[in-house]
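Please study the sequence and the structure before reading each solution.

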Amino acid sequence: MPLSQSRPKFPATNALFPPTRDSALAKLEHFIPFAGEHYRLERNFDYGSGKHNSVSQLSPYIRNGTISESEVVASVLKSHPYHEAEKFLQEVFWRIYWKGYLDNRPALWTNYLEDLSELNLDASQAKTHQQARNGATGIDSFDTWSEELQQTGYLHNHARMWFASIWIFTLKLPWQLGAAFFLEHLLDGDPASNTLGWRWVAGLHTKGKSYLARPSNITRYTQGRFQPAGGLAAEAISIPDSHPAIPASYKKRPAPPQGLQQGEGLLMLDEDLRPHLEGLDEKSHILGMYPQNDYSQLPCSEPVRVFRETSLRNTLQDLSERKSCCVEVTTHPSSEAIETWAQKYGLHTLWLAQPQIGPWNDLWSEIEPRLAKSGLQILKFRPWWENELFPSATHGFFKFHKGIKPVATRMANATS
Ligand SMILES: Cc1cc2nc3c(=O)[nH]c(=O)nc-3n(C[C@H](O)[C@H](O)[C@H](O)COP(=O)(O)OP(=O)(O)OC[C@H]3O[C@@H](n4cnc5c(N)ncnc54)[C@H](O)[C@@H]3O)c2cc1C
């Protein structure tokens, strides 16, 4: 459907995260003065819903590509020397690490889905699960975070760690269900950071090293808002990993195109928006794809759905207005829809950001073989920093860590 027929704009999901690039850039600009020492000292404090000023709250925008990791790093390094902003930069690189780690071991994602579909809760677990989802476990802090997650689509990192730990070790619920609950409600819900974040808390990422939420730590970093004396698990039981270890493998991809040539088009996924892609102009044909029905087996809440779709539509609208690109959007991506669009504009080559391991990659794996039969050439690209860093996202963060500074410095000198 041509974009012009889809006006007026969708309503914003919530006031905290308007789904526009301007909002993302404004959030980034507001945060930059705090990205140095302030972040280093304050980032672990969770001051409560609507008061998360110790962190950037950029994750929904970074997750869907409204702003790129490179842009964030470059903006921060314009105002801070590397050593001053190192802690913040490291967190941005944790995201790239998790993404690369899952890309190297896609079976972790399929195993997770398989586990999820095979889970059988007994009556008592089913009741606890419902209470956890409803914020009715009686654990004050946990219930507050459950509510905040569902109301705002966001949780502070420390709250995510405490929440996941209580879910697994105190409530004794399967981590896979907790990860699915997060993906359902987080605006930044990300198959890599989320699945691997939950595995890390459960002690499955670094074997035998789990994360236990301690009452004193919660009290300290919530400044006494919660005092969960007693009631929380005092030790982290070992969680078995039912799947065999998976060796890592890496596939390099071409860099993004520097603009589109005659006969070339760009497929833009709602999870990887590219408003910052260089060289787009009035000759550029872009098909935005939002898979309304068949995203995956995983449910997502209405605010998450609206955030994703609206971010995509607003990005396309922006590209059409600012760069006069010829944009369309489909909410039912399929080989037929793509072929019809390509034929309409005489396109023979389609560029696409390599889908991230997760729901989009699952869907793309069904579309691509059918599309291949049509004779269209598909070129999948990756940003240069992923090509640079993913090969070392095979083991712990320590090995990966060595590559961060040179890449961050190069990001500071690059534009996209
Ligand atoms: C169990 C669990 C589940 C998580 N699920 C997700 C998820 O689905 N999506 C997601 O984006 N992050 C996830 N995280 C990571 C982290 O909690 C969020 O990225 C962060 O809280 C986002 O808030 P912020 O933008 O204010 O972060 P800031 O502290 O301001 O950090 C800046 C950016 O760095 C990245 N980042 C920061 N911390 C991490 C981290 N630990 N791992 C990966 N990237 C990080 C994010 O892109 C973030 O926007 C999860 C963490 C845990 C423990």
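**Exercise 1.** At which residues does UniProt place the feature "domain: Cryptochrome/DNA photolyase FAD-binding"?

*Solution.* The unreviewed UniProt entry places this feature at residues 88-219. UniProt positions follow the numbering used here, feature names are shortened, and annotations may be inferred rather than shown by experiment. The span is 73% helix and 0% strand, and its end C-alpha atoms lie 24 Å apart. Helices (H or I, at least four residues) and strands (E, at least two) are DSSP runs, numbered from the N terminus.

The model is predicted: local features need pLDDT of at least 70, side-chain atom pairs count only at pLDDT 80 or more, and totals for chains, interfaces and linings use all residues. Residues are numbered from 1 along each chain as its sequence is written, and side-chain values use heavy atoms, with hydrogens and water left out.

**Exercise 2.** Describe the interface of domain 2 and domain 3.

*Solution.* Step 1: locate the domains. Domain 2 covers 107-221 and domain 3 covers 264-382, with bounds from an automatic or database domain assignment. Their C-alpha centres are 31 Å apart. The contact (heavy atoms within 4.5 Å) takes 13 residues from domain 2 and 14 residues from domain 3.

Step 1: consider the area. The two domains bury about 1100 Å² between them, 64% of it on carbon and sulfur atoms. Buried area is the accessible area (1.4 Å probe) that two parts lose on being put together, summed over both. Of the area that domain 2 buries against domain 3, Trp109, Glu184 and Leu187 supply 48%, more than any other three residues.

Step 2: identify the helices. On the side of domain 2 that touches domain 3, α6 (107-118), α10 (175-185) and α11 (191-202) each supply at least two residues. The most come from α6, with four residues.

**Exercise 3.** How many salt bridges does the structure hold?

*Solution.* A salt bridge requires a side-chain nitrogen of Lys or Arg within 4 Å of a carboxyl oxygen of Asp or Glu. The structure holds 23, yet the count between domain 2 and domain 3 is zero.
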